[in-house]
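Colleague: Could you take me through how burial and strand pairing are read in a model of this kind?

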Amino acid sequence: AMIKRPKYAILADKLIKNILETQQPTNTRFFTEKELAHKYSVSRSTVRAALSELEDLKLIAKAKNVGYYVTYEPVQYDYAHFYSFSKLDMPAEQAPTTEILLFTQTIPNYYVAQMLHLAQDEPVYRVERLRLLGHQPVLFEKTFLPAERFPALKRNELVKNSLYDLLATKYQLKIKDGAEEFFASLINEREADLLDLRVGSPCLKIQRLAYDIFERPFEFTITTAPSRYFAYKVPLTKDV
């Protein structure tokens with residue numbers, strides 16, 4: 001059965017391809033909401049939802065009084081250690097819990113398909129999770145997994161297990177390594193609602209790409225980490 005994609009996802013794809021294929025230089029002005037609504041004959045709300053996807057992917061950013069501008073540049077990754085949120089060692093009153101907000105099969109956008117080395121009509125699982133410490137929401141995660149590699153993955157399995165444990169036991173997945181990229185961003189309306197923060201609060205966006213022992217990417221995750229809860233220390237070494 002064909003998966004029907006929402007209008008904003010189709011528009012997001014067109015805009016992603018426009019940036020990646022025309023190789024627009026960083027800091028070039030991007031279209032305004034009004035220009036896009038007119039050009040593609042869609043509503044402003046559809047345009048805003050599409051632009052939000054591009055902001056998540058660090059392809060564009062919004063500046064006050066300027067509008068959107070292109071921020072995409074080919075990335076170099078720094079390798080980091082894997083961690084499991086569900087296994088964080090916290091005092092009992094701060095026990096980590098997870099709420100699954102969305103579990104669905106869908107067609108990925110062009111960027112996600114590229115990251116996971118998929119053809120664009122190959123479906124993925126899209127999993128949206130809210131991570132809490134105690135009862136305080138602290139992270140919002142959007143995870144994409146190739147559906148054909150993990151057939152019959154079930155929502156309730158993710159409620160009971162850490163994702164990596166589940167993939168290792170159910171599908172004999174062997175993880176080799178991964179890469180994370182961090183960049184500063186601002187909380188949007190939906191995230192503000194979920195994380196109980198004001199729109200425009202500073203946050204970190206973390207893009208993670210994980211690989212199996214055959215060097216195949218199996219997971220792409222975008223995490224929104226409010227800066228009031230998270231800080232990262234990075235060791236620096238001096239070249240001798």
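Modeller: Burial is read from relative accessible area, where buried means under 20%, exposed over 50% and partly exposed in between, with a 1.4 Å probe and protein chains only. Thr221 has 1% relative accessibility and therefore counts as buried. This is a predicted model, in which local features need pLDDT of at least 70 and side-chain atom pairs count only at pLDDT 80 or more, while totals for chains, interfaces and linings use all residues. Residues are numbered from 1 along each chain as its sequence is written, and side-chain values use heavy atoms, with hydrogens and water left out.

Colleague: In which strand is Thr221 found, and with which side chain does the side chain of Thr221 make a polar contact?

Modeller: Strands (E, at least two residues) are DSSP runs, numbered from the N terminus, and Thr221 belongs to strand E9, residues 217–226. A polar contact is a pair of N or O atoms within 3.5 Å; within protein, one must be able to donate a hydrogen and the other to accept it, and residues adjacent in sequence count only if both atoms are side-chain atoms. For the Thr221 side chain, the partner is the side chain of Glu219, at 2.7 Å.

Colleague: Over how many bridges do E6 and E9 pair?

Modeller: Two strands pair if DSSP finds at least two bridges between them; E6 and E9 do so over 5 bridges, in the antiparallel sense, and Thr223 in E9 is the bridge partner of Glu141. Strand E6 (residues 136–146) is largely enclosed by the rest of the structure, because 10 of its 11 residues are buried.

Key
Helices (H or I, at least four residues) and strands (E, at least two) are DSSP runs, numbered from the N terminus.
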